[in-house]
Amino acid sequence: MNEVVHQTQQTQPETQRNESREPATLLPAVDIVEHADALTLIADMPGVTRESLHLEVDNNVLSLEGEIQLSMPDGLTALHAEVNGQRFARRFTLSHEIDSEAISARIDNGVLTVTLPKKDSHRVRRIEVQAA
Amino acid sequence: MFGDLKRFDSGASQRLDWFRQLMDEVFPDGRAADIRAVPRGSFPMINVARSDDAVRVYVFAAGLAPGDLTIDIQDSVLTLRGRREPVAANDDEGSARPVFRRERVSGEFVRAIALPDGLDTERAEARHANGVFEIVLPKREELKPRRIEVQVA
């Protein structure tokens, strides 16, 4: 553990340079699966609550944003950090067949599930081949 | 708080992860890696922080319910075990669905991290909220910081 602290201190000047260049925003891992009548997007956003989550569709772009809400006491010193940002953010371009009015979402144990229904005209219809 | 953690960052952003891995393979860095170090993006991700009276471990395990994570401590090594169910890729009728992205880790995982010495593991506690587990490991009494009053002669 001491070794970890020691190493991170060595790289400090480099990370300070990074800090000014990029905000501490994390990219959530996502799964996207297609169903007959909708697309489902599942994103890992641990620590994000219903209140700190912000979903938006603007100009066919879906934005997912969430602030990590952790109750941490004051006076903590980091020993080791794999998550080093305060918020998750990711954006996706939607195709025109998505009915953006009907998008629904829920967050459960830090997993966000967004359902993107297709417009009626674009749903998969199975066409039965008739016997001659 | 994570603003603070930021300066302990040991590498580039997640976005550059694939590039970093490639670079690490082609040009391995001469510095010795911690024996239990993991590549970035491992599941679950872990932060460890220290205060005057305890060491706190934060486990970012989205999608795990409180009962899904097994936490063991032995000889100052904290081991986390669990399993996350994959998203079903089959319809109810059993036909496969197209999958466009599969970035989320699923299946069994085991992670171990070394803890500092001098923790009272008997009094350890764990809490869970919104996919984050917080494990509080109090320090032993004799290791807590103490102020020594100077007496007047």
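**Notes on the two-chain model**

1. Chain B has a mean pLDDT of 77, with 68% of its residues at 70 or more; pLDDT is the predictor's confidence in each residue, on a scale from 0 to 100. This is a predicted model, where local features need pLDDT of at least 70 and side-chain atom pairs count only at 80 or more, while totals for chains, interfaces and linings use all residues. Residues are numbered from 1 along each chain as its sequence is written, with chains lettered from A and ligands numbered from 1 in the order in which they are written. For the complex, the predictor gives an ipTM of 0.72 and a pTM of 0.72.

2. Where pLDDT is low, the predicted coordinates should not be read in detail.

3. On to the overall make-up. Chain A has two helices and nine strands, and chain B has two helices and eight strands. Helices (H or I, at least four residues) and strands (E, at least two) are DSSP runs, numbered from the N terminus.

4. Burial is next. Of the 132 residues in chain A, 26% are buried; of the 153 in chain B, 23% are. Buried means 20 or more other C-beta atoms within 10 Å of the residue's own, with C-beta atoms placed from the backbone. Among contacts with a separation of 6 or more, residues 24 or more positions apart account for 55% in chain A and 51% in chain B.

5. Chain A has an open, mixed sheet of four strands in the order E1-E7-E5-E4. Its edges are strand E1 (25–26) and strand E4 (48–58) of chain A, each pairing on one side only. Strands pair if DSSP finds at least two bridges between them. E4(A) runs antiparallel to strand E5 (residues 61–68) of chain A over seven bridges, and A:Asp58 stands opposite A:Val61 in E5(A).

6. In chain B, look at the hairpin of E3(B) and E4(B). Strand E3 (residues 69–74) and strand E4 (residues 77–84) of chain B are antiparallel, joined by six bridges, with B:Thr70 opposite B:Arg81 in E4(B). Two residues lie between the strands, and B:Asp75 takes a positive phi near 45°.

Methods. A residue is buried if 20 or more other C-beta atoms lie within 10 Å of its own, exposed if 12 or fewer, and partly exposed in between; C-beta atoms are placed from the backbone. Two residues are in contact if their C-beta atoms, placed from the backbone, lie within 7 Å.
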